[in-house]
2 protein chains.
Amino acid sequence: MVQFVHPARDDITLAGVLAALADPMRLQIVRSLLQEGDCLSCTAAAPCPDIPKSTLSNHFRVLRDAGLIQTTKKGVEHRNVVREADINARFPGLLKAILKHANA
Amino acid sequence: MVQFVHPARDDITLAGVLAALADPMRLQIVRSLLQEGDCLSCTAAAPCPDIPKSTLSNHFRVLRDAGLIQTTKKGVEHRNVVREADINARFPGLLKAILKHANA
DNA sequence: TTCAATAGTCCCATATTTCCGAACTATTGA
DNA sequence: TCAATAGTTCGGAAATATGGGACTATTGAA
């Protein structure tokens, strides 16, 4: 049984969030998650559908550790949601300012 | 004679900017530069004055390559300025949104 | 119940990046 | 001309990212 550890709101750091988003694929993942509401990892993956599973899993772990997303198990899938409320509470305006510029 | 190459405004990428700022020291450097107007590298350095020269030089190179700062030679010193106009033109609101949250 | 399929994690070897000491370059001032 | 200053560049060690393959958990069907 895999149990995910998400950082508390106050443990989310600016450098951590920026580092997590400083990767085109992760930026795209967050973008997709925000558009869809909530979805599963593989489906939420970046444009390329041929990305290795381990790489994708790693990207989700980075986003999780940075406090950007929350992952819960739902059957065989892992459902991911952007922790919008937490990020916005901690860094008001940041998420919107960044994602506004993520290339569609 | 060292000649610096700065990326053109349109070559500045979001992921590049985020990656450059995804480091506490570089975040602090940019913060200091914005507060001071323009200043020299070593002086503009992060809190710790005992950081190795090569490391510092490297951080400035990263910021330069990302298009965040412009460096010009002024005697023995290198004067650095944040390319505020370029960044704001390319990603309106981004810089302010990020630096607003950089811990004082 | 058992078995196959699915979704994803974990391990680990390789590849890439970062850090920093040391040697080097350019400029100024004595 | 020489020393001091400010910073770059080189190169090896340390840290981190990538991705293949084996593993785990869950579901749905035989």
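This briefing covers the interface between chain A and chain B. The model is predicted, so local features need pLDDT of at least 70, side-chain atom pairs count only at pLDDT 80 or more, and totals for chains, interfaces and linings use all residues. Side-chain values use heavy atoms, without hydrogens and water; residues are numbered from 1 along each chain as its sequence is written, and chains are lettered from A in the order in which they are written.

**Extent**
- In contact (heavy atoms within 4.5 Å) are 18 residues of chain A and 18 residues of chain B.
- The two chains bury about 1,300 Å² between them, 80% of it on carbon and sulfur atoms. Buried area is the accessible area (1.4 Å probe) lost on putting two parts together, summed over both.
- A:Leu14, A:Leu18 and A:His101 supply 38% of the area that chain A buries against chain B, more than any other three residues.

**Polar links**
- Four residue pairs are in polar contact, both residues at pLDDT 80 or more. Such a contact is a pair of N or O atoms within 3.5 Å; within protein, one must be able to donate a hydrogen and the other to accept it, and residues adjacent in sequence count only if both atoms are side-chain atoms.

**Symmetry**
- A rotation of 180° with 0.0 Å of shift along its axis superposes chain A on chain B (RMSD 0.0 Å). That is the relation of a two-fold axis.

Notes. Least-squares fit on C-alpha atoms with pLDDT ≥ 70 in both.
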